[in-house]
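Work through the exercises below with the structure in view. Try each task before reading its solution.

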Amino acid sequence: MSQPPTRRRVLSLTAGAAATPLLAAGPLAQAAHAAHAAHAAHAAPATAEAAEVARAAGEALPAQPAWSVRPFALHEVSLGGGVFRTKRDLMLDYARAYPADRILAVFRANAGLDTRGARPPGGWETADGNLRGHYGGHFLTLVAQAYADTREAALKSKLDHLVSALGECQQALAEHGTPKPSHPGYLAAYPETQFILLESYTTYPTIWAPYYTCHKIMRGLLDAHTLAGNRQALTIAAKMGDWVHSRLGHLPKAQLERMWSIYIAGEYGGMNEVMTDLYALTGRAEHLAAARCFDNTALLTACAEDRDILEGRHANQHIPQFTGYLRLFDHTGEERYAAASRNFWGMVAGPRMYALGGTGQGEMFRARGAIAATLDDKNAETCATYNMLKLSRQLFFHDPDPAYMDYYERGLTNHVLASRRDAPGTESPDVTYFVGMGPGVRRQYGNTGTCCGGTGMENHTKYQDSVYFRSADGSALYVNLYLASTLRWPERGLVIEQMSDYPAEGVRTLTFREGGGPLALKLRVPSWATAGVTVTVNGAPHRAEAEPGTYLTLNRNWRRGDRVRISTPYRLRIERALDDPTVQSLFYGPLLLTAQSPEQQFRTFSFYKDFTLRGDLADAIRPTTRPLHFTTHDLTLAPFHIGDDAPYHAYFRRSEPAIVFGGSDSGVPNHARADGRTFLDLLWQQAPFPTAAHFVRAVRTLAGRWLSENLFSRTEHDRVIAAANEADLRR
């Protein structure tokens, strides 16, 4: 059976269309305010500037009792210099320059209002597009995040203008919409028809994910409120929530479940998340009830039971559902929601994860472990990684497992950072949709009006949102990512600056610029940090061992001027595809390295013949004069986060046909076991060898084992040992 057409395919068929012109918060929120005020009364005094920033930030979503770890507000962490800020600044230029009236054109046209001569953005965001309006929701979030970060008055004015205009559209639809909506809270860029058709199970592409569009608009409005203090945005979103409940609250559960099972038409993004967040702000029971209407029960139940039924499902249709389930767990306490989210994450991060952290082929989940078999030019939809990072972050709040942040770092650095072109431009967000992992593919940028264009706008204006977290009781600070940044923690009176060249290799330094007191500083030791980790406090070495894949805790009564230095040297390493261990990717520390080549077939690499007693890839792969660049097999290896359109190979074919030690060739084939691991794989994983004698002893032991398992003949066994004795391997 052939796959349904992807949204990307529909976009390519309709390219060119863009050229055509065209409440007051409830009791729960009030209680959260009171609790915050009581806490603030006993907190360390913040600066006047910090207090003003906090007032401008609006009404933040209350942290949940179930969270053992809590985030900082976006405005409390500012980026320092480096590639992250450079890419952020490119997106800020887009946020500043792109005309608000173009974003509003489709909304105004649907409401019968003057479009002011503006034409829609294009892509899927056209005058007759079935997903129109979603991009406007993303744009709201973009501008809200940009304002929270920069505090630029012009961005606040643009955001307020967008919200005010959407309020006018909502009112116009309620008063004289044609046709008139079923409820005065309705707001969209098309008539209510798509929602009505979904209830009779109409399929894509006749309708395009109407609740997905609703989610993006509501999310943007809530972000305008919580990040930038626009109270009208909450009023508009609350009315939309009332409309959602009026449509879905009376529908039978079986009907809802059938709706959500429909490919793309039933895609609802994170409606369960945004409705739960709305409930947290309004306290209205109808909003929580509406969130529960989005239970996709068959998949929810399977994941709660840890049954993997993801194969063949649309990846980004389902990932955000699980962030919503976690939010429902926060407010209902139903463990199945949390269990499903944890288990789902484990079904994707690892078993269905490409080297850059992305997932999916042609927007779809493939079989568990199918990596090498699915490499092409349509892997890793960027939206999917955006949502996997959100899910990882939410899971960490409940359970601070370093594995979530290991994944977060991988996806942020190798996919999200890599998804923005390194060139200025204000006509397009200039971000990726698919990021192919097949040989000789290129990244394609642009994506005005698409889903990945929308999430891409958001990605690059919130890099700092997971650099630091705090424990629920405020006694500990988690340093999750080593990005140059400054944390302002007004409740503790702390300002901590992190100096870092990340993603470049180097030393990261944390300095207490203001404040002090007892604090457990939890430093993430990445799982890739196997070349040794050194930590000093005010120049004195910290004696505790830093184990990769954990947090190292420094308990201390800190003082202003205290300095923590963290060194995590990078080393070259390979990762094997789960379904074919000869298909491999190369990393330098956290950085995916890609070979620059237009060839459409896998390049074949062989490394073991160049190994010394160190057993290090650095013996076979040489650095160039350009930082983070290497050469091997007459090809340049470059870090993938550099946003260009050069053809690349993210994977290569590893070929080690014979057992060779330096210049000593045994003449014996490098046989593989049933799991695909070869004799040389098992030998060199024991490196480094202190002396040649240790090396020969390891060869002799392993050869004896292979002889006993009938993987070597007696003659092969003897030849391999003889070659090891003859080898002249330097350190």
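**Exercise 1. Two packed helices**

This is a predicted model. Task: find the handedness of the crossing between H14 and H15, then describe how the two helices pack.

Solution. 
- Step 1. The crossing of H14 past H15 is right-handed.
- Step 2. Two numbers describe a packed pair of helices: the angle between the axes and the distance between them.
- Step 3. For H14 and H15 the angle is about 70°, and the axes lie 12 Å apart.
- Step 4. Angles of 65 to 115 degrees count as roughly perpendicular. H14 and H15 are therefore roughly perpendicular to each other.
- Step 5. Now look at the residues. H14 brings Leu 299, Leu 300 and Cys 303. In H15 they meet His 318, Gln 321, Phe 322 and Tyr 325.

**Exercise 2. Helix H16**

Task: check the length of H16 against what its residue count predicts, then decide whether the helix is enclosed or open.

Solution. 
- Step 1. H16 covers residues 335-348, which makes 14 residues.
- Step 2. At 1.5 Å a residue, H16 should span 20 Å. The end C-alpha atoms of H16 are 20 Å apart, so the two values agree.
- Step 3. Buried means under 20% relative accessible area. In H16, 10 of the 14 residues are buried, so the helix is largely enclosed by the rest of the structure.
- Step 4. Name some of them. Among the buried residues of H16 are Tyr 337, Phe 344, Trp 345 and Met 347.
- Step 5. Ask what covers them. The cover includes H13 (285-292), H14 (297-304), H15 (315-332), H17 (382-398) and H18 (402-416).
- Step 6. Look past the end of the helix. Gly 350 follows H16 and has a positive phi, near 125°.

**Exercise 3. The sheet of 7 strands**

Task: trace the pairings from S7 to S11, then give the strand order of the sheet.

Solution. 
- Step 1. Strands of a sheet pair through backbone hydrogen bonds, in a parallel or an antiparallel way.
- Step 2. Start with S7 (residues 485-489) and S8 (residues 494-499). They are antiparallel, with 5 bridges. Trp 489 faces Leu 494 in S8.
- Step 3. S7 and S8 make a hairpin, with 4 residues between the strands. In that turn, Gly 493 has a positive phi of about 65°.
- Step 4. S8 also joins S9 (residues 507-514), antiparallel, through 5 bridges. Here Gln 498 is opposite Leu 510 in S9.
- Step 5. S9 runs antiparallel to S14 (residues 563-567), again with 5 bridges. Val 507 has Ser 567 of S14 as its bridge partner.
- Step 6. S14 pairs with S11 (residues 534-537) in the antiparallel sense over 4 bridges. Val 535 is opposite Ile 566 in S14.
- Step 7. The open sheet has the order S2-S7-S8-S9-S14-S11-S12, and its pairing is antiparallel. The edge strands are S2 (77-79) and S12 (540-541), each pairing on one side only.

Terms used. Residues are numbered from 1 along each chain as its sequence is written. This is a predicted model: local features need pLDDT of at least 70, side-chain atom pairs count only at pLDDT 80 or more; totals for chains, interfaces and linings use all residues. Side-chain values use heavy atoms; hydrogens and water are left out. Two strands pair if DSSP finds at least two bridges between them. The expected span of a helix is 1.5 Å times one less than its number of residues. Buried means under 20% relative accessible area, exposed over 50%, partly exposed in between (1.4 Å probe, protein chains only). Contact means heavy atoms within 4.5 Å. Axes are lines fitted to C-alpha atoms, for helices over the stretch in contact, and angles run from 0 to 180 degrees between N-to-C directions. Angles under 35 degrees count as roughly parallel, over 145 as roughly antiparallel, 65 to 115 as roughly perpendicular and the rest as oblique. A crossing is left-handed if the near helix is turned anticlockwise from the far one by less than a right angle, and right-handed if clockwise.
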